[in-house]
Amino acid sequence: MLTADSGSVLRLLEIEGRGRALVASQPLKAGQIVLQDSPIVVYSAFPLVKPQSSASYCDNCFRILSSLANVVPCPLCSHHLFCSPNCLTAATASSHSPWVCQALSRLRDCPSLFSQPLEQQVQARFLIAAYNLALVSPSDFQVLLSLQGQYSPSDAPAAEFLHSLILSVCPPPSLSISIELTATLLAKDKLNAFGLMEPISLQQDLRSVRAYGIYPKASFFNHDCLPNACRFDYLDSAPDQNTDMIVRMIHDVPVGREICLSYFPVNLNYSARQKRLAEDYGFTCNCDRCKVEANWSDNEADVIDDNGTVEENEDEEIMEEDNDEQMVASEGDEVGEADFPHAYFFVRYMCNRENCWGTLAPLPPSNDVQSKILECNVCGNLKSEEDMC
């Protein structure tokens with residue numbers, strides 16, 4: 001049973017055709033926190049030699065280092081920086097052990113790695129973090145190995161290269177590793193890593209990833225192109241446990257309903273979503289939204305423009321009016337995902353800030369009273385229900 005602070009609200013079940021899934025064990029309310037999960041592995045998304053123009057982040061908690069005057073450098077190298085003595089102490093005992101520091105420093109000086117695709121530098125970071133996890137927390141390492149993700153022959157060249165490189169340059173002490181283990185770990189990372197994003201910028205169309213984290217409980221959330229929950233990260237604002245992931249409900253759901261996240265911004269069109277899911281996760285989505293949009297013409301697929309804005313026409317205005325009537329359900333009536341037409345979802349639950357494309361969810365209820373303020377899970381902007389009327 002998976003739990004949130006408020007009690008047991010999610011169950012882990014096996015669903016035919018979907019694998020392991022998280023299902024509501026009780027009726028869930030909009031804004032309700034259903035999971036707060038801490039990562040077992042967090043590693044930088046930057047190449048081993050960071051570009052001069054990139055922002056600086058703490059190598060433990062990944063907060064942005066707004067002032068280099070207060071930065072605490074690693075005493076063993078000149079490459080890794082920490083936001084406080086406490087972060088350095090915590091990292092030295094876990095994620096930035098002396099072996100990790102030495103391994104990353106040696107990899108920085110390895111010409112053969114820099115002749116490979118940039119992605120392999122990030123994969124090397126993950127493998128060092130994963131092998132270190134086996135050394136400092138064997139139980140968490142077993143949790144990592146239990147997650148979904150199977151070795152694929154197409155990944156063999158990268159696995160063989162990285163395995164050979166790490167063994168020759170920086171083999172982990174007192175740990176026997178094999179090519180099979182390396183390949184398996186890369187498969188776990190590919191399917192389960194969540195991106196921890198850089199702060200939003202109005203000048204950039206795309207946000208970059210500052211770090212990746214593997215969350216053992218959140219990894220069981222399946223994807224839906226019209227999700228009923230969304231994740232929130234508070235990397236730069238939470239006073240502690242800032243790398244925790246918080247999952248909140250977007251709207252009410254009944255007991256027994258599967259709780260799903262969207263693995264990417266909901267404004268992507270059908271072909272872009274299917275391409276990304278196939279390449280990154282190895283499956284084809286058959287959610288209700290995809291079943292509808294699979295039969296759309298190109299013109300109909302462009303109802304959502306490049307900025308994530310719903311292009312209004314007479315049919316959509318009628319849809320919104322009809323949906324408003326549906327939402328005013330009599331007390332005791334259930335309103336499920338099938339009652340949320342696409343246009344209504346985009347108008348109500350997608351942030352309209354430029355270059356954001358985030359998803360809105362109500363703030364957590366107070367004394368069982370649902371909040372009328374919605375928060376964007378990307379830019380953090382708040383929006384009242386009155387603003388959407």
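Which strand does C260 lie in? C260 sits in β13, which covers residues 260-261. Before the views, some housekeeping. This is a predicted model, in which local features need pLDDT of at least 70, side-chain atom pairs count only at pLDDT 80 or more, and totals for chains, interfaces and linings use all residues. Residues are numbered from 1 along each chain as its sequence is written, and side-chain values use heavy atoms, with hydrogens and water left out.

**View 1. The whole protein, for orientation.** The protein has 12 helices and 16 strands. These elements are DSSP runs numbered from the N terminus: helices are H or I with at least four residues, strands are E with at least two. Of the 389 residues, 47% are buried. Here "buried" means under 20% relative accessible area, "exposed" means over 50%, and "partly exposed" falls in between (1.4 Å probe, protein chains only). Take the contacts between residues at least 6 apart in sequence: 63% of them join residues at least 24 apart. A contact means heavy atoms within 4.5 Å.

**View 2. The surroundings of C260.** C260 counts as buried, at 5% relative accessibility. Leaving aside residues up to four places away in sequence, C260 touches R18, N222, H223, D224, P227, N228 and A229. C225 is 35 residues from C260 along the chain, and the C-alpha atoms of the two are separated by 8.9 Å.

View 3. Five bridges join β8 to β9 (residues 209-214), and A193 stands opposite I214 in β9. Two strands are said to pair if DSSP finds at least two bridges between them.

**View 4. The largest cavity.** Two cavities of 30 Å³ or more turn up, and the largest holds about 190 Å³ of space. Its lining has 13 residues, of which V42, Y43, S95, V100 and L104 are the closest to its centre. β5 (41-44), α2 (98-108) and α4 (118-136) each supply at least two lining residues. Sorted by type, the lining has seven nonpolar, four polar and two charged residues. Nonpolar covers Ala, Val, Leu, Ile, Met, Phe, Trp, Tyr, Cys and Pro; charged covers Asp, Glu, Lys and Arg; the others, Gly among them, are polar. A cavity is a set of points on a 1 Å grid, over the protein atoms alone, where a 1.4 Å probe fits but cannot get out, and lining residues have an atom within 4 Å of a point. Grid points are joined across faces, edges and corners, and the volume is the space filled by probe spheres set on the points.

**View 5. Strands β14, β15 and β16.** β14 (residues 360-362) and β15 (residues 373-376) run antiparallel and are joined by three bridges, with A361 opposite E375. β15 also pairs with β16 (residues 382-384) over three bridges in the antiparallel sense, and here I373 stands opposite S384. β15 and β16 make a hairpin with five residues between them, and G380 in the turn has a positive phi of about 85°. In the loop between β14 and β15 you'll find D368. D368 has a positive phi of about 65° although it is not a glycine, and at 80% relative accessibility D368 counts as exposed.

View 6. L167 belongs to helix α6 (residues 156-169) and is partly exposed, with a relative accessible area of 38%. The C-alpha atoms of L167 and S178 are separated by 9.5 Å, with the two residues 11 apart along the chain. S174 is in the loop between α6 and α7. Phi of S174 is positive, near 50°, in a residue other than glycine. S174 counts as exposed, at 77% relative accessibility.

Technical notes. 1 Å grid on protein atoms, 1.4 Å probe; cavity = no way out; pocket = protein on both sides within 12 Å on 5 of 7 lines; lining within 4 Å.
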